[in-house]
Amino acid sequence: MRRFSCTILLLLLVGLVSCSGPQQADKPSERPRLSIDLAKRILALPVSCLEIEYPNKLGQVLGGAEDLQSPRQLHPVFYGCFDWHSAVHGYWTIVQLLKQFPELDLDGEIRSLLSAHLTPENIQVEIAFFEDQHNQNFERTYGWAWLFKLQEALITWDDAQAKEWAAALQPLVEVLIDKYHVYLPKLVYPIRAGQHDNSAFSLSLSLDYARSSGNVAFESLIREHATRLYQGDRGCDLGFEPSGYDFLSPCLEEAYLMSRLMDRSAYLSWLPEFMPELLTTDFQLSPAIVKDRSDGKLVHLDGLNYSRSACLYGLSQFDDALAHLAESGQSHFDFSIDNLSHQDDYMGSHWLGTFALYALERSAKIGAAIN
């Protein structure tokens, strides 16, 4: 296993200094900004696990004894960080942070990691897995969507190496876009789960890539089927959320997705029927509480606080009538951010940094002045 001792040591020391234990925020502070210190804390998490092969949750369907291979043999790029999708969004996290803070990798060790893994040869092995008759639907659609986000980050980075990595990754992107074109027309009902299968969350991430890449056909596919699946929805009740291990809010993910696909007038007619409470200036939503961060399912609720924050920030930017939602977005972010430490159990540390960064990306001031 490749070691990145100097880089990781520096990042972890900053994380330890910055972390002061769980924060129970009574009221939100100013809108979060991606400071260099917070970037170091987040970056330490995926950098430390991208080449940790075990423990690993493969999630594959075995067609025979020949399929019993190691994670790295099956997925020479995305084998670390416990499972395939976490490895994918770990790469996204690294790319996003290096784009904004290149000084985090002055010695080039992290770039070397990316170059060693994101090669055309390795991507072809990943493609072969998706083309296996028993794994046609592997990571549908959560992992697909995070791969699109990774490619979005690469193609929007004015960097020579990033262009090479994006070129290597593009064939897999095309495979998954084709799969989406097959899948969405036969999806009669949306999946409203609070975990990976949630249709609205994956469609929202995929929309980011479609728009950034200028893929009009892909964007049209997303628009057509999201409208078909969600436009008639009424009365989504936050009172039934969250379930005990959600990391996504079915109601908020749908509300946010539709705000990105409908014009202002249509959306402000649709939203009062779907979730009227979002339009009330005294809107209240309590952050989710986690009692055991070593439990891989229960720690999902920290992720829920980040993903709720992302939705609430996104909605707050849509129209002045929703601007008050930023306050709730901030309270959710504040509630969980001080739990984001490499000292946490691996079941949380291998993925939660991504969701903190995702919330920051959706906030109005992402990338603003460094604290």
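In the predicted model, Cys 49 is buried, with a relative accessible area of 1%, and this residue takes part in a disulfide with Cys 81, in which the two sulfur atoms lie 1.9 Å apart. The pair links distant parts of the chain, for Cys 49 belongs to helix H2 (residues 36-49), whereas Cys 81 is found in the loop between helix H3 (71-74) and H4, 32 residues apart from its partner. The link of Cys 49 and Cys 81 is right-handed, with 90° about the S-S bond. Cys 81 has a relative accessibility of 0% and therefore also counts as buried, since the cut-off for burial is under 20%.

The structure holds two disulfides, and a further pair is formed by Cys 236 and Cys 251, whose sulfur atoms are 2.0 Å apart. Here too the pair links distant parts of the chain, with Cys 236 in the loop between helix H10 (216-230) and helix H11 (250-259), and Cys 251 in helix H11, 15 residues apart. The torsion about the S-S bond of Cys 236 and Cys 251 is about -85°, so this disulfide is left-handed. Both Cys 236 and Cys 251 are buried. When the bonded cysteines are counted along the chain, the disulfides of the protein follow the pattern 1-2, 3-4. Another cysteine, Cys 311, is likewise buried, with a relative accessible area of 0%.

Turning to the pockets, the largest pocket has a volume of about 530 Å³. Its lining is made up of 25 residues, of which Lys 57, Asp 83, His 85, His 196 and Lys 297 lie nearest the centre of the pocket. Helix H4 (residues 84-100) provides the largest share of this lining, namely four residues. Grouped by class, the residues that line the largest pocket comprise nine nonpolar, 10 polar and six charged residues.

Two of the residues nearest the centre of the largest pocket, His 85 and His 196, are also among the contacts of Tyr 142. Tyr 142 is placed in helix H7 (residues 142-155) and is buried, with a relative accessible area of 3%. When its neighbours within four places in sequence are left aside, Tyr 142 is in contact with His 85, His 89, His 196, Phe 201, Ser 202, Phe 247 and Phe 355. The C-alpha atom of Tyr 142 is separated by 7.7 Å from that of Asn 198, although these two residues are 56 residues apart along the chain.

Helix H14 (residues 325-337) contains 13 residues and extends 19 Å from its first C-alpha to its last, which is close to the 18 Å expected at 1.5 Å a residue. Because 12 of the 13 residues of H14 are buried, this helix is largely enclosed by the rest of the structure. The buried residues of H14 are Leu 325, Ala 326, Ser 328, Gly 329, Gln 330, Ser 331, His 332, Phe 333, Asp 334, Phe 335, Ser 336 and Ile 337. Among the elements that cover these buried residues are H2, helix H13 (300-316) and helix H16 (352-362).

Terms used. Residues numbered from 1 in each chain as written. Predicted model: local features only at pLDDT ≥ 70, side-chain atom pairs only at ≥ 80, totals over all residues. Heavy atoms only, no water. Helix = DSSP H or I, 4+ residues; strand = E, 2+ residues; numbered from the N terminus. Buried < 20%, exposed > 50% of the residue type's maximum accessible area, 1.4 Å probe, protein only. Contact = heavy atoms within 4.5 Å. 1 Å grid on protein atoms, 1.4 Å probe; cavity = no way out; pocket = protein on both sides within 12 Å on 5 of 7 lines; lining within 4 Å. Points joined across faces, edges and corners; volume = space filled by probe spheres on them. Nonpolar A, V, L, I, M, F, W, Y, C, P; charged D, E, K, R; others polar. Disulfide = S-S within 2.5 Å. Expected span 1.5 Å × (residues − 1).
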